[in-house]
Amino acid sequence: MLLALLQANAVVMDLEANCATIDEAAGTAAAAGAAVLVTPELFPTGYAPGRVRAELDPAGLPELRSRLAGIARRHRIGLVYSVPRVTPQGEWHISATLLDAEGASLLTYDKVHLFGPEERAAFSPAAQPPAVVRFNGILTSMVICYDVEFPEAVRAAAVAGAELLLVPTALAHGFDDVPQVLLRARALESQLTVAYANHSGTEEGCRFLGGSVIAGPDGTLLTAAGEEPQLIYAEVDEGSAARARSEVPYLAERRPDLYRSWDS
């Protein structure tokens with residue numbers, strides 16, 4: 001299965017422009033044979049948590065989701081997008097959704113680990129673990145940005161069976177070790193493919209690193225972006241996670257009961 005990652009510069013609170021960027025990328029990725037396009041965290045609104053919370057009307061979210069589903073359906077490509085989700089109780093979460101090529105929602109995930117005071121002021125942290133769905137023959141899960149920096153979050157997806165982890169992110173400049181070192185370690189220790197799609201350029205005063213990556217279940221770097229906007233691709237073999245787990249059985253040989261006793 002061919003994965004495509006969009007690395008791009010969003011325009012804060014210009015939903016029209018940002019959806020147009022996703023639309024163009026989806027068309028290009030589909031023409032290249034990609035099965036799914038992964039886009040960055042909060043890309044349709046731009047990454048500016050305070051402004052998003054203050055200016056986005058939740059009543060418009062269903063229309064935004066419908067438009068994104070239409071992009072997937074029109075180009076016949078799976079799509080991962082990240083927008084706010086507002087609960088019936090009025091809590092705002094940063095969410096991610098995986099659509100199939102018909103535009104149907106297969107998987108949703110709300111961000112558990114919020115990064116920095118601006119995110120924590122605008123959103124509430126979620127508590128549900130990452131779920132897993134079979135997508136194009138590969139057991140697939142999602143986390144969002146800062147979540148992937150916690151081994152527990154990635155391991156929870158792997159223990160649930162995930163072989164592929166899709167990660168919309170908004171990583172600032174200066175955190176180069178996250179995509180270059182930490183992401184490969186996460187892929188290796190939980191023996192799954194990690195696809196990490198970041199913003200580029202500057203949004204609301206935040207300069208983004210770019211550096212989107214796809215790392216294989218043996219820690220191999222399959223593809224990496226620089227700082228500029230671009231689409232990157234990598235082929236994911238549906239048997240690669242199983243082979244890695246057979247060769248070195250990290251997951252099978254865990255001792256979770258013992259680890260819990262260490263915590264106490």
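A polar contact is a pair of N or O atoms within 3.5 Å; within protein, one must be able to donate a hydrogen and the other to accept it, and residues adjacent in sequence count only if both atoms are side-chain atoms. The side chain of Ser 141 reaches the backbone oxygen of Ala 131 at 2.6 Å. This is a predicted model, in which local features need pLDDT of at least 70 and side-chain atom pairs count only at pLDDT 80 or more, while totals for chains, interfaces and linings use all residues. Residues are numbered from 1 along each chain as its sequence is written, and side-chain values use heavy atoms, with hydrogens and water left out.

**Record and overall content**

- UniProt, in an unreviewed entry, lists residues 1-238 as "domain: CN hydrolase"; such annotations may be inferred rather than shown by experiment.
- Over residues 1-238 the chain is 29% helix and 29% strand, where helices (H or I, at least four residues) and strands (E, at least two) are DSSP runs numbered from the N terminus.
- The end C-alpha atoms of this stretch are 7 Å apart.

- Six strands form an open sheet in the order 5-4-3-2-1-14, with mixed pairing; two strands pair if DSSP finds at least two bridges between them.
- Strand 5 (105-110) and strand 14 (230-235) are the edge strands, each pairing on one side only.
- From one strand to the next, the twist averages 30 degrees; angles run from 0 to 180 degrees between N-to-C directions, and axes are lines fitted to C-alpha atoms, for helices over the stretch in contact.
- Strand 1 (residues 2-7) pairs with strand 2 (residues 36-38) in the parallel sense over three bridges, and Leu 5 has Val 38 in strand 2 as its bridge partner.
- Helix 1 (residues 15-31) packs on this sheet and touches strand 1, strand 2, strand 3 (78-86) and strand 14; contact means heavy atoms within 4.5 Å.
- The direction of helix 1 makes about 40 degrees with that of strand 14.
- Helix 3 (residues 61-75) lies across strand 3 and strand 4 (92-99), and runs at about 175 degrees to strand 3.

- A six-stranded open sheet has the order 6-7-8-9-12-13, with mixed pairing.
- Its edge strands, strand 6 and strand 13 (221-224), each pair on one side only.
- The twist here averages 20 degrees from one strand to the next.
- Strand 12 (residues 213-215) runs antiparallel to strand 13 and is joined to it by three bridges; Val 213 has Ala 224 as its partner in strand 13.

- Strand 6 and strand 7 pair in the antiparallel sense over four bridges.
- These two strands form a hairpin with two residues between them, and Asn 136 in the turn has a positive phi of about 50 degrees.
- Ser 141 lies in strand 7 (residues 138-142), and Val 132 stands opposite Ser 141.
- Ser 141 is buried, with a relative accessible area of 0%.
- Not counting residues up to four places away in sequence, Ser 141 touches several residues, including Leu 107, Pro 130, Ala 157 and Leu 164.

**Cysteines**

- The whole structure has zero disulfides, a disulfide being a pair of cysteine sulfur atoms within 2.5 Å.
- For Cys 206, the nearest cysteine sulfur is that of Cys 145, 9.8 Å away.
- Cys 206 is partly exposed at 22% relative accessibility, whereas Cys 19 is buried at 1%.

Definitions and conventions: Buried < 20%, exposed > 50% of the residue type's maximum accessible area, 1.4 Å probe, protein only.
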